[in-house]
Amino acid sequence: GQSQATSNTTTDTISATTNWRFQTFTPAVGQDNVSQIILNFTKTSSPNGSSTVMIYATTAGLPSGAALATATTILNSAISSGDTTFVLTTPLAVTPGTVYAIVWSSGISSGGSLAWNYQNTNVYAAGNRGTSSDSGSTWSADTTADFRFSISYRGIAGEPVFLSNTAGSLDLTPGQYAVKVGY
């Protein structure tokens, strides 16, 4: 998948429900079905509420419209500092070369804070980070920094999988091998 795996800043702490964050990304060829997203957090105390991660289309580099996909929510009390995996309830087919936004809503109302860790330099050329202080009604982009994230892609459902006759290797090329083992 895609990732931006560095962070040197944990100062963007969220302790209010209305504060949302986003990171844009651009899938490459072969990256066409998002199944999960991993975000890297620093947690302080015991924040109440639940975190939700969504994927949005973008207009001019900012999230726009309604969420295209939503991951299962995770109780903030279950999140620890480090990587947290959000699995999309239904994998999302995306178009390579199109800019999308990962949007995080912390749902925090009291008790502590979470920070989606980021790199304060532009290390991920295919996107940028941004913020909202009004639950995503308006957005501000920060093109000089990137949140830490990773995206997992999966094969498109319904494609046949064939077994080769060489040490059990799998191949997706129909007609090349005779034994179809699944979809």
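Both tryptophan 104 and tryptophan 116 are buried, where buried means under 20% relative accessible area, exposed over 50% and partly exposed in between, with a 1.4 Å probe and protein chains only. The model is a predicted one, in which local features need pLDDT of at least 70 and side-chain atom pairs count only at pLDDT 80 or more, while totals for chains, interfaces and linings use all residues. Residues are numbered from 1 along each chain as its sequence is written, and side-chain values use heavy atoms, with hydrogens and water left out.

**Aromatic pairs**

- Nine aromatic pairs are found in a search of the whole structure; rings of Phe, Tyr and Trp (its six-membered ring) pair if their centres lie within 6.5 Å, and planes under 30 degrees apart count as stacked, over 60 as edge-to-face and the rest as tilted.
- Phenylalanine 41 and phenylalanine 86 form an edge-to-face pair, with 6.4 Å from centre to centre and 75 degrees between the planes.
- This pair links distant parts of the chain, 45 residues apart, with phenylalanine 41 in strand S4 (residues 33–45) and phenylalanine 86 in strand S8 (residues 82–93); strands (E, at least two residues) are DSSP runs, numbered from the N terminus.
- Phenylalanine 41 counts as buried because its relative accessibility is 1%, and phenylalanine 86 is buried at 0%.
- Tryptophan 104 and tryptophan 116 also form an edge-to-face pair, 6.3 Å centre to centre with 85 degrees between the planes.

**Cluster**

- One aromatic cluster is formed by Phe41, Phe86, Trp104, Trp116, Tyr118 and Phe147.

Terms used. Helices (H or I, at least four residues) and strands (E, at least two) are DSSP runs, numbered from the N terminus.
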